[in-house]
Amino acid sequence: RRGWELLERKGVHGIVVLVAVTPDDQLLHVEQHREPVRGNVIELPAGLAGNEADNAAESLEQAATRELREETGWEATSWERLSAGPPSAGLSTEIVTLMRAHGLVRSGPGGGAGNERMAVHAIPLADVPAWLRQREASGTLVDPKVWAGLWFATY
């Protein structure tokens, strides 16, 4: 578009990134292989809203509920919108909405849906910075949105 090379997701009306702190004050993370960067990435639970025929009209809250359950095995009783914006404004049309989960209750194993294969990490809030630095030092990539989520979790 006008000389810009960009990516646009078709059939998606929102993207949620979830800040979920367990009753034991642990921040939930997921880790999965991401082929574009050829390695494992630690991320906050996240997902697309409206990307499949059976959820085309779902709200961001409904997408957040589904993604949190599928990826982590936790359920939230309510959601709070924290912030929204472009994670890569020079490349993608995506706008992500950070949402805080409240009233978490364990409901299952998590690990993803379909062909997703992810590890779930519940890290005590006080230990998250050191844990992330250790994982980075070992070669694992950390999505910078994790740091934003940590800020919101302790704010």
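1. A residue is called exposed when its relative accessible area is over 50%, buried when that area is under 20%, and partly exposed in between. Arg-2 has a relative accessibility of 81% and therefore counts as exposed. The model discussed in this note is a predicted one.

2. Arg-2 belongs to the segment that precedes S1. Its backbone also deserves a remark: phi of Arg-2 is near 45 degrees, which is a positive value in a residue other than glycine. Asp-25 likewise is not a glycine and has a positive phi, of about 60 degrees. Asp-25 sits in the loop between S1 and S2. With a relative accessibility of 46%, Asp-25 counts as partly exposed.

3. The loop between S2 and S3 holds Pro-36. The relative accessibility of Pro-36 is 80%, so this residue counts as exposed. Pro-36 and Gly-14 are 22 residues apart along the chain, and 21 Å separates their C-alpha atoms.

4. The largest pocket comes next. Its volume is about 1,300 Å³, and 40 residues line it. Those that lie nearest the centre of this pocket are Arg-9, Arg-34, Glu-43, Leu-48 and Glu-94. Several elements each give two or more residues to the lining: strand S1 (14-20), strand S2 (26-34), strand S3 (39-43), strand S4 (46-49), helix H1 (60-72) and strand S10 (141-142). By class, the lining of the largest pocket divides into 19 nonpolar, 7 polar and 14 charged residues.

5. The second largest pocket contains about 170 Å³ of space. Arg-2, described above, is one of its lining residues. The lining of the second largest pocket comprises 4 nonpolar, 3 polar and 3 charged residues.

6. The charged side chains also call for comment. Side chains of opposite charge can pair when their charged atoms come close. In this model the count comes to 10 salt bridges. A network of salt bridges links Glu-58, Arg-66, Glu-67 and Glu-70.

7. Glu-136, at 30% relative accessibility, counts as partly exposed.

8. Is His-29 buried or exposed? His-29, a residue of strand S2, has a relative accessible area of 0% and is therefore buried. A polar atom of the His-29 side chain lies 3.1 Å from the backbone oxygen of Leu-27. Leaving aside neighbours within four places in sequence, His-29 is in contact with Ile-42, Glu-43, Ala-119, Val-120, His-121, Ile-123, Val-128, Trp-131, Leu-132 and Val-146. Among these contacts, Glu-43 is also one of the residues that lie nearest the centre of the largest pocket.

9. Arg-69 is located in helix H1, one of the elements that give two or more residues to the lining of the largest pocket. Arg-69 has a relative accessible area of 35% and so is partly exposed. When residues up to four places away in sequence are not counted, Arg-69 touches Trp-74, Glu-75, Ser-107 and Gly-110. Arg-69 and Val-105 are 36 residues apart in sequence, and their C-alpha atoms are 10.0 Å apart in space.

How values were computed. Residues are numbered from 1 along each chain as its sequence is written. This is a predicted model: local features need pLDDT of at least 70, side-chain atom pairs count only at pLDDT 80 or more; totals for chains, interfaces and linings use all residues. Side-chain values use heavy atoms; hydrogens and water are left out. On a 1 Å grid over the protein atoms alone, a cavity is a set of points where a 1.4 Å probe fits but cannot get out, and a pocket is an open set with protein on both sides within 12 Å along at least five of seven lines; lining residues have an atom within 4 Å of a point. Grid points are joined across faces, edges and corners, and a volume is the space filled by probe spheres set on the points. Helices (H or I, at least four residues) and strands (E, at least two) are DSSP runs, numbered from the N terminus. Ala, Val, Leu, Ile, Met, Phe, Trp, Tyr, Cys and Pro count as nonpolar, Asp, Glu, Lys and Arg as charged, and the others, Gly among them, as polar. A salt bridge is a side-chain nitrogen of Lys or Arg within 4 Å of a carboxyl oxygen of Asp or Glu. Buried means under 20% relative accessible area, exposed over 50%, partly exposed in between (1.4 Å probe, protein chains only). A polar contact is a pair of N or O atoms within 3.5 Å; within protein, one must be able to donate a hydrogen and the other to accept it, and residues adjacent in sequence count only if both atoms are side-chain atoms. Contact means heavy atoms within 4.5 Å.
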